[in-house]
Amino acid sequence: EGLENLDDLAQLASMKKLETLKLYFNKSLELYDVKGVGELLKDLVKPTSSLKDLQISFALCECVTDITEVGKGISHCVNLESLSFNVSECKDLENIISIGKSLTRLKKLTSLTINCEWCKSINIGIMAIGEGLGNCVKLKNLTLNFGGCSKILDHLYTDDEQEGDAAWEDH
């Protein structure tokens with residue numbers, strides 16, 4: 001029998017030996033469901049959890065504007081070896097800082113994919129991902145996709161730095 005809503009996902013908590021979890025959401029996802037995914041991860045994953053591979057995709061989910069609770073939920077998955085997080089084409093998503101913060105607790109992570117392609121509003125949290133990666137000492141595979149995210153450079157550089165870069169290119 002298939003799972004119809006997030007409440008049905010609570011059944012996963014009884015699967016003590018679950019090593020791989022793939023959660024793919026589609027356009028019909030409601031805003032309250034996004035917060036519910038984070039709560040689900042917190043309830044589902046305990047420090048003794050056997051979960052090693054987590055894949056979460058909110059690709060094309062237009063209601064995804066805040067993933068704070070999802071990031072908090074991921075931070076409880078301390079035994080993860082592989083994480084794939086996809087929010088591609090979530091046009092109104094502005095803040096991914098919680099994903100960066102969650103990385104600080106994922107010390108066993110060997111493979112990480114973060115796809116924020118075409119999230120045009122994203123401008124907060126890019127630096128947090130870089131800082132979080134510093135704790136992922138076992139990381140062997142890394143894929144970060146920020147293609148089409150027009151506001152990233154605005155956040156990474158101040159006007160003075162951009163002018164300095166332009167002056168450097170003139171030489």
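Strands β1 and β2, the latter spanning residues 53-57, are paired in the parallel sense over 5 bridges; two strands count as paired if DSSP finds at least two bridges between them. Helices (H or I, at least four residues) and strands (E, at least two) are DSSP runs, numbered from the N terminus. The model is a predicted one, in which local features need pLDDT of at least 70 and side-chain atom pairs count only at pLDDT 80 or more, while totals for chains, interfaces and linings use all residues. Residues are numbered from 1 along each chain as its sequence is written, and side-chain values use heavy atoms, with hydrogens and water left out.

The β1-β2 pair belongs to an open sheet of 5 strands in the order β1-β2-β3-β4-β5, with parallel pairing. At its edges are β1 (20-24) and β5 (141-145), each of which pairs on one side only. Strands of a sheet pair through backbone hydrogen bonds, either parallel or antiparallel.

Buried here means under 20% relative accessible area, exposed means over 50%, and partly exposed lies in between (1.4 Å probe, protein chains only). Lys22 has Gln55 of β2 as its bridge partner. Gln55 itself counts as buried because its relative accessible area is 19%. With residues up to four places away in sequence not counted, Gln55 touches Leu21, Lys22, Leu23, Tyr24 and Ser84, a contact being heavy atoms within 4.5 Å.

Beyond its neighbours within four places in sequence, Ile74 is in contact with Leu41, Leu54, Ile56, Leu83, Phe85, Ile99, Ser102 and Leu106.

Helix α4 (residues 97-103) includes Ile97, which counts as partly exposed because its relative accessibility is 31%. The C-alpha atoms of Ile97 and Gly132 are separated by 9.7 Å, although the two residues are 35 apart along the chain.

Two cysteines also deserve mention. Cys77 counts as buried because its relative accessibility is 1%, and Cys90 does so because its value is 0%. With a disulfide defined as a pair of cysteine sulfur atoms within 2.5 Å, the count comes to 0 disulfides.

The chain averages a pLDDT of 76, and 66% of the residues score at least 70; pLDDT is the predictor's confidence in each residue, from 0 to 100. Among the elements of the chain, β4 has the highest mean pLDDT (95) and helix α7 (residues 159-170) the lowest (43). Over residues 157-171 the pLDDT stays under 50, and for this stretch the model has 4 contacts beyond four places in sequence.
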